[in-house]
Amino acid sequence: MQYSKKVLEHFTRPHNQGLIKNASGVGMVGNPVCGDLMKIYIKVKKDKQRGEVINKISFETLGCASAIATSSMITDLAKDKTLEEAMKITRQDVADALEGLPPIKMHCSNLADEALHEAIKDYQNKRK
Amino acid sequence: MPNKKIYLDYAATTPVDKEVLGEMLPYFSEKFGNAMSIHSFGQEALQAVDSARGKIADFFGCAPTEIVFTSGATESNNLTVKGVLKSYYSKAENRGKKPHIITSEFEHHCILDSCKAVEKDGLADVSYIKPGKDGVVKVSEIAKAIRPNTVLISIMYVNNEIGTVQPIGKIAKLVKKTNKNKMENEFKTVFHTDATQAVNYFDCDVERLGVDLLSMSAHKVYGPKGIGMLYVRKGTAIRKIQDGGDQEYKMRAGTHNVTGIVGFGKAIEILKKNMPDNTKKIQDLRDYLIGKVLGEIPNARLNGSKIRRSPNNANFSFRDIEGEGLLLSLDMEGIACSTGSACSSGALSPSHVLLSIGLKAEQAHGSLRMTLGKYTTKNEIDLAVKKLKIVAERLRKISGSVLADYYSKK
């Protein structure tokens, strides 16, 4: 399995790792059968000009190197984004930012976008 | 080992012993003859092949004519499944009568996939016996599965992932008893064992074992890659599956891999000489490793029986850790192991071996196989466990409580 330098960087030193207490929203995806479980925590702040912004974001992931790296990368990509902007982040964006993923990993371990979107939906549902 | 990296994957392959390499070298460019040629070059090569064959036959307690050189255990296992069926169908009275094969769920893929291939082609029905939770196949389960038309039983001697030892001698007795009750012209059940992982440490005398066919690869016993053999008991119903020359008593066509065969013979000779000492030394180190890992790393378990186990094998599962990440992290620290996680192999589901002994998917994904060899030292074990502790802690920090959260939500 050939991983890019960027993937190995994020795997060995992941960004924004851990949990957020009193998070505004939490999203969990994956299952133990496929081997990857990801949880994204977000804290949302209201900005007068931009509206709702992801102020803080973090992750916890049980999974292979690419599962950990994609989780780490999406926290970087989504930080300080409005909810609308964050909803538009795709798995391709994550893979591109990581300088590519091995083809087999594209779908099985690239779930971070779903976890992020779940966290945002969780926040929005709570406010309803 | 020459460098500072620590190799704990001896079940995958072993380095070629220096003495073995020395023995092989002249056969590349100086004594390069084709063992089938009748001139002096060929005779020189043939002599080397015969001498190696003799050493190997001596180790397995069989006649030299019962050793069939192949490219390795994968080929030997393919030859077993497909060759026995070929022999069965060569008899006019068997045409149109589908025979039956018994194997276990946790065989190597080369046996399982051969069985699936012949099933798919409609050539045989196959029963896959589930091993016990301890990783040992019960003889009674095999007895229950035997049918009047069972032509082949193939059970591995030592499992390659969890190192558990299978009751080959007892199964052989069962097969003999079954065959005794058959009519003279009936197709007898052939008993095969894949002994690839057993040869280093276990008695492989084919008379004491009572097997008809036995496979192995030289590269697992400090010999070269690309050479192995199938022991074929005289009179066993098996036919060649590869056409060409008359090599290997017409059982396996193809120019002899002379250098490989020479190396194979030397490796077996060295193995025989050092077997008792190495087995004891490696088992002590392995027990030390298991004790340390289970004692120092929380939520670790040993997979497979601790007693009925190959002296060089340790296979653990760590909760809240996934094996590919673990393997990669250890590799970055210079420690080479193996895992049953799907993610490491590009497969979609984790190790069929670990699932067959009742592990949950996440336990199989979180597995680590550490296999020792004759060059392993206590110092290496100490260092490996030290690094393993650090890596496990780091990965557990990353996974946090996701697994527990997942189950609490279900």
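Modeller: A residue is called buried if 20 or more other C-beta atoms lie within 10 Å of its own, exposed if 12 or fewer do, and partly exposed in between, with the C-beta atoms placed from the backbone. Helices (H or I, at least four residues) and strands (E, at least two) are DSSP runs, numbered from the N terminus. This is a predicted model, in which local features need pLDDT of at least 70 and side-chain atom pairs count only at pLDDT 80 or more, while totals for chains, interfaces and linings use all residues. Residues are numbered from 1 along each chain as its sequence is written, and chains are lettered from A and ligands numbered from 1 in the order in which they are written.

Biologist: Which residues point one way from strand 8 of chain B, and which the other way?

Modeller: Strand 8 of chain B covers residues 228–232, and five of its five residues are buried. B:Met229 and B:Tyr231 point one way, and the other way point B:Gly228, B:Leu230 and B:Val232.

Biologist: Which residue of strand 8 of chain B is the bridge partner of B:Leu213?

Modeller: Two strands pair if DSSP finds at least two bridges between them. Strand 2 (residues 67–70) of chain B runs antiparallel to strand 8 of chain B and is joined to it by four bridges, with B:Val68 bridged to B:Leu230. Strand 7 (residues 213–217) of chain B is also antiparallel to strand 8 of chain B, through five bridges. There, the partner of B:Leu213 is B:Val232.

Biologist: Which residues have the most contacts inside the largest nonpolar core?

Modeller: A nonpolar core is a set of buried Ala, Val, Leu, Ile, Met, Phe, Trp, Tyr and Cys residues joined through C-beta atoms within 7 Å. Leaving aside neighbours within four places in sequence, B:Tyr231 is in contact (C-beta atoms, placed from the backbone, within 7 Å) with residues including B:Phe60, B:Ile67 and B:Leu213. The largest core has 78 residues, and those with the most contacts inside it are B:Ile56, B:Ile171, B:Tyr231 and B:Ala267.

Biologist: Why is one side of strand 9 and of strand 12 of chain B left without a neighbour in the sheet?

Modeller: The open sheet has three strands in the order 9-10-12 of chain B, with antiparallel pairing. Strand 9 (300–302) and strand 12 (367–371) of chain B stand at the edges, so the reason is that each has a single partner strand.

Biologist: In strand 12 of chain B, which residue is the bridge partner of B:Ala314?

Modeller: Strand 10 and strand 12 of chain B run antiparallel and are joined by five bridges. Within strand 12 of chain B, the partner of B:Ala314 is B:Met370.

Biologist: Which strand of chain A supplies the largest share of the side that touches chain B?

Modeller: The contact between the chains takes 19 residues from chain A and 21 residues from chain B. On the chain A side, strand 2 (36–47), strand 3 (51–62) and helix 2 (65–78) each supply at least two residues. The largest share, three residues, comes from strand 3 of chain A.

Conventions. Two residues are in contact if their C-beta atoms, placed from the backbone, lie within 7 Å.
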